[in-house]
Amino acid sequence: MEEYLQSSEIIDLQHPLVMELAQKIGSKYQTYEETAQACFEWVRDEIRHSYDYQMNPVTCKASDVLQYKTGYCYAKSHLLAALLRANGIPSGFCYQRLSINDNGEPYSLHGFNAIYLPEIGWYRVDARGNRQGVNAQFIPPKEQLAFKIQFPEEADFQNIFAEPLELVVEALEAYNTWDDLLINLPDIPLKSFKEYGIIVNKARPMEC
């Protein structure tokens with residue numbers, strides 16, 4: 001689990017802003033599960049999704065997400081991981097490939113988290129922020145993410161990465177405004193999954 005507790009350039013959990021919030025949340029709860037839920041709900045509800053609120057700048061580092069109080073799903077997952085790891089709770093990064101407009105092409109990656117809870121194991125949560133049609137919750141062992149797979153070229157990755165995917169970080173760092181990133185969201189085509197070592201949860205047959 002050590003790699004899922006590490007600080008990094010993006011998951012900068014040792015930044016004073018991140019540490020202050022992590023300690024503030026962690027001091028209120030006794031168990032891993034209570035602390036994990038509180039961290040999840042804080043990021044889900046207090047950090048505004050860049051597209052939903054049309055907010056700038058585009059953030060990537062956990063500390064920047066916290067400072068500017070906004071981020072795309074990927075960036076929000078970076079902050080959640082930092083808060084969890086600062087509280088000694090292993091956390092990683094998960095992705096889905098989803099239709100951007102819910103009607104087929106184009107597609108993009110969607111980022112969220114997995115949390116290791118001692119009594120349950122890995123438990124996936126999505127702190128992208130609830131809105132009409134999106135109701136992500138922390139109710140282990142039941143998983144309630146923001147989105148479900150609907151189309152043949154969508155995919156739910158089994159992988160739990162210790163660090164964010166490089167192409168996600170590159171996209172977040174390449175654009176300054178929410179609308180510029182919106183038309184350049186990161187994606188991995190199905191034919192490239194093997195190249196990235198991606199394993200897919202196959203709820204139904206997929207055409208690769």
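Where pLDDT is low, the predicted coordinates should not be read in detail. For the protein chain, the mean pLDDT is 95, and 97% of the residues reach 70 or more.

This is a predicted model, in which local features need pLDDT of at least 70 and side-chain atom pairs count only at pLDDT 80 or more, while totals for chains, interfaces and linings use all residues. Residues are numbered from 1 along each chain as its sequence is written, and side-chain values use heavy atoms, with hydrogens and water left out.

Helices (H or I, at least four residues) and strands (E, at least two) are DSSP runs numbered from the N terminus. Helix α2 has 15 residues and reaches 21 Å from its first C-alpha to its last, close to the 21 Å expected at 1.5 Å a residue; the expected span is 1.5 Å times one less than the number of residues.

| Helix | Buried residues | Packs against |
|---|---|---|
| α2 (residues 32-46) | Thr-35, Ala-36, Ala-38, Cys-39, Phe-40, Val-43, Arg-44 | α1 (16-26), α5, β4, β5 (121-125), β6 (137-139) |
| α6 (residues 166-174) | Leu-167, Val-168, Val-169, Ala-171, Leu-172 | α5, β3, β4, α7 (178-182) |

Cys-39 lies in α2 and counts as buried because its relative accessibility is 0%. Leaving aside residues up to four places away in sequence, Cys-39 touches Ile-25, Leu-80, Leu-83, Leu-84 and Asn-87. The C-alpha atoms of Cys-39 and Leu-21 are separated by 9.3 Å, at 18 residues apart along the chain.

The largest pocket has a volume of about 590 Å³. Of its 25 lining residues, Ser-99, Ile-100, Arg-128, Arg-131 and Phe-147 are the closest to its centre. Two or more lining residues come from each of α5 (73-86), β3 (91-99) and β4 (107-117), and β4 gives the largest share, three residues. The lining divides into 12 nonpolar, eight polar and five charged residues.

On a 1 Å grid over the protein atoms alone, a pocket is an open set of points where a 1.4 Å probe fits, with protein on both sides within 12 Å along at least five of seven lines; lining residues have an atom within 4 Å of a point. Points are joined across faces, edges and corners, and the volume is the space filled by probe spheres set on them. Ala, Val, Leu, Ile, Met, Phe, Trp, Tyr, Cys and Pro count as nonpolar, Asp, Glu, Lys and Arg as charged, and the others, Gly among them, as polar.

How values were computed. Buried < 20%, exposed > 50% of the residue type's maximum accessible area, 1.4 Å probe, protein only. Contact = heavy atoms within 4.5 Å. pLDDT = per-residue confidence, 0-100.
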